[in-house]
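Welcome! Take a moment to look over the structure below, and then follow the notes to find your way around.

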Amino acid sequence: MGKKKKLKFRLRYILIIGLIYFLYKIGPFSFKIKNAEVSYRGMVSKEKQAEVSGIIKRIELDNLKELKDSLVNLSWIKSVKMEKSLLGKLKINLIPREPIGKIAGQNSTFIDKEGVTFKNADNIENLPIIKIEKRLSKEELARAIKILEFPELSKIKNLEIKKKEIKTELPNFIVLWDTQEFEKEYKILKAILKKKENNLKGTIDLRFKNMAILRR
């Protein structure tokens, strides 16, 4: 087969595939969805899976917008991805929110690293208790809880977030941070921990520019 014939064959093949895909995606030519296949990123409890199954049974599978909106409205779901197959199957992939802390004073309410609060979390063992000042915005909260990503603070028991101050309680000591400067203050804390090792006790106040005050 000559080069020109090969090229024409490939172009026709691409056009046919493109046409099938186009007809599959648009209006009356779409294939009717017969069933759904649900997958999750990570472990999800049977209770949550039952909740999802209930929504899928209640809503027509062809009504993708209503189905997606209903799933996204579940507080523990971060995002929903859907894909139709030519065989009439709807593939649904659900990404649950991952808790990084439990909200103080609120029964079974958790928070993820984006500052979003939600109910019914999985993997909640050893999560810190987080107390939040009510006037904090979602953006301020999301920024403040980044403090939990610091390796040296992996054993935090309690975290209190205020407009201008963050308080972290660890097994042997407490750290006070400036809400706007804690990234810089973290470097100071690392230097202190390196020198003191496991002998550090009391309260470390980092709210002073380029210095720390230790109170025993």
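**The protein at a glance**

Of the protein's 216 residues, 32% count as buried. Please keep in mind that this is a predicted model. Its secondary structure comes to five helices and twelve strands.

**Surface and contacts**

- The protein exposes about 14900 Å², and carbon and sulfur atoms supply 54% of that area.
- Looking at contacts between residues at least 6 apart in sequence, you will find that 44% join residues at least 24 apart.

**An open sheet**

- Strands of a sheet pair through backbone hydrogen bonds, and the pairing can be parallel or antiparallel.
- Here, three strands form an open sheet with mixed pairing, and their order is 1-3-2.
- Strand 1 (35-40) and strand 2 (77-84) are the edge strands, as each pairs on one side only.
- From one strand to the next, the twist averages 20°.

**A pair of strands to trace**

- Strand 2 and strand 3 (residues 89-96) run antiparallel, and seven bridges join them.
- Which residue in strand 3 is the bridge partner of Lys81? The partner is Asn93.

**Helices across the sheet strands**

- Helix 2 (residues 46-58) lies across strand 1 and strand 3, and its direction makes an angle of about 155° with strand 1.
- Helix 3 (residues 64-72) lies across strand 2 and strand 3, running at about 155° to strand 2.

Terms used. Residues are numbered from 1 along each chain as its sequence is written. This is a predicted model: local features need pLDDT of at least 70, side-chain atom pairs count only at pLDDT 80 or more; totals for chains, interfaces and linings use all residues. Side-chain values use heavy atoms; hydrogens and water are left out. Helices (H or I, at least four residues) and strands (E, at least two) are DSSP runs, numbered from the N terminus. Buried means under 20% relative accessible area, exposed over 50%, partly exposed in between (1.4 Å probe, protein chains only). Contact means heavy atoms within 4.5 Å. Accessible areas come from the Shrake-Rupley method with a 1.4 Å probe; for residues, only the protein chains shown count as cover. Two strands pair if DSSP finds at least two bridges between them. Axes are lines fitted to C-alpha atoms, for helices over the stretch in contact, and angles run from 0 to 180 degrees between N-to-C directions.
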